[in-house]
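Open the model in your viewer and keep the sequence at hand.

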Amino acid sequence: VFLESQGIVVNPPEELVLDPYTEQHRTPVPKRIVPTGPDPFRQFLAYDTKVLRFYAIWDDTNCAFGDHHPCIIHYFLADDTVEVREVHKRNDGRDPFPVLMRRQRLPKIFVDKNKNFPSCVLEITDHEVQEWYSPKDFAIGKTVTLLGRTFLIYDCDKFTQDFYREKYGITDFQPVDVNKKPLEKVPQVIPPYNGFGIPEDSLQNCLSLFPKPPRKDIIKMLENNLKVLRYQVALESPVPEDKNRRFILSYFLADDTIGIYEPPVRNSGIPGGKYLRRTKVTKPGSTPENPIYYEPSDFTIGSTIEVFGHRFIITDADEYVLNYLERNAESFPAATVQSIRDHFLPRKVVVETTSSGFLKKDLDDLIVEVQKELQLQEPFNTKQFHEAFHHFDKEGSGFLDKASFLTICDRFNVPTSTILLKKV
């Protein structure tokens, strides 16, 4: 009114500019709105230190050098995070890192997004995930895929069973059997024996990539070291030149090997020497899977030994053979011992008769005198001389009476001196 009385034009009234600070203090305090979803703080207070434990198997056999990995899945109820730990065993060949997946929230279903949109961010935000893993997604016998790995849950602990029984009403907690079934053992087929070496040595090529020599009986080798049984054998052959060939068969008790040696004979056309090196000899008819080797019980006077297709007839034995068989008579058949004993019986009788009724010096002088007398005569066939003795010896005792002996000597004109003949 005063300004208008002085002639000043006054504008109409305007609204007052609001002060944000003043208006904020005039606004009433809003009430706290309870969220529609679960309260994280309430969940933490209710389920802190409570963990669901599941036992699972991670099947990684599709990858190179893959295997079945036993794992433990921990589900933390306080913040809905999941942790996977791998169970290591002693000497399992894996690095001792127990944590397979660190504790984190695992997405179950993602939100559909534009596939053409490039993405280089590895972190997953909440708006990219439609659903996260929750306790309802885990159960015995169920398969879950966590970050690209598939796990088969086969069991859980007692606390987990009580949790599912109270919250979800599940009562069946029968564990799934995940133990590996033993592989059916394929029978190993041994190939036929190829003829090189002994069957035990060739068998090692089938049992190992780097074959080892067959194991030897060390105790037997030490007990029978340098113990050799020697026999004289004749070759059974249709070739006339082989009829007079004689061999020495040596049986080594240390390792049950046989060696054959042919003594050289002058002007025979055969050089002689080693005929068979030391080796084990199988009996005819034995198989490579179960070879049967010759033993000392198989060597009797007159028996036939087949050595790699060649047949030998035992005609004589060393005196050590008789002594060894008699000392160990309980380990050999009675027929074998008796055969060697009968073969040496005539020799023992002659030795006993000579030692008891005739002086050895006189006997040696008589042998020298007979040899001188025989050298003066024409050469006679020694083989026919021996055959005549065996012909008159009907019983095979090795002895002849005086009449038969004189008849044989008269037939061969040996010796010519009657006095010398009576001495003999």
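**A side-chain pair, then its strand**

Select Glu83 and Arg85: their side chains make a polar contact at 3.2 Å (a pair of N or O atoms within 3.5 Å, one able to donate a hydrogen and the other to accept it; residues adjacent in sequence count only if both atoms are side-chain atoms). This is a predicted model, in which local features need pLDDT of at least 70 and side-chain atom pairs pLDDT 80 or more, while totals for chains, interfaces and linings use all residues. Residues are numbered from 1 along each chain as its sequence is written, and side-chain values use heavy atoms, without hydrogens and water.

Stay on Glu83, which is buried at a relative accessible area of 11% (buried is under 20%, with a 1.4 Å probe and protein chains only). Beyond four places in sequence, Glu83 is in contact (heavy atoms within 4.5 Å) with residues including Ile72, His74, Phe76 and Arg102.

Next, select residues 81-86, strand 3, where Glu83 lies (strands are DSSP runs of E, at least two residues, numbered from the N terminus). Five of the six residues of strand 3 are buried, so the strand is largely enclosed by the rest of the structure.

On the strand 4 side, residues 99-104 run antiparallel to strand 3, joined by three bridges. Val82 has Gln104 as its bridge partner there.

Finally, select Cys71, whose bridge partner in strand 3 is Glu86. Cys71 is buried, at 1% relative accessibility.

Definitions and conventions
Buried means under 20% relative accessible area, exposed over 50%, partly exposed in between (1.4 Å probe, protein chains only). Helices (H or I, at least four residues) and strands (E, at least two) are DSSP runs, numbered from the N terminus. Two strands pair if DSSP finds at least two bridges between them.
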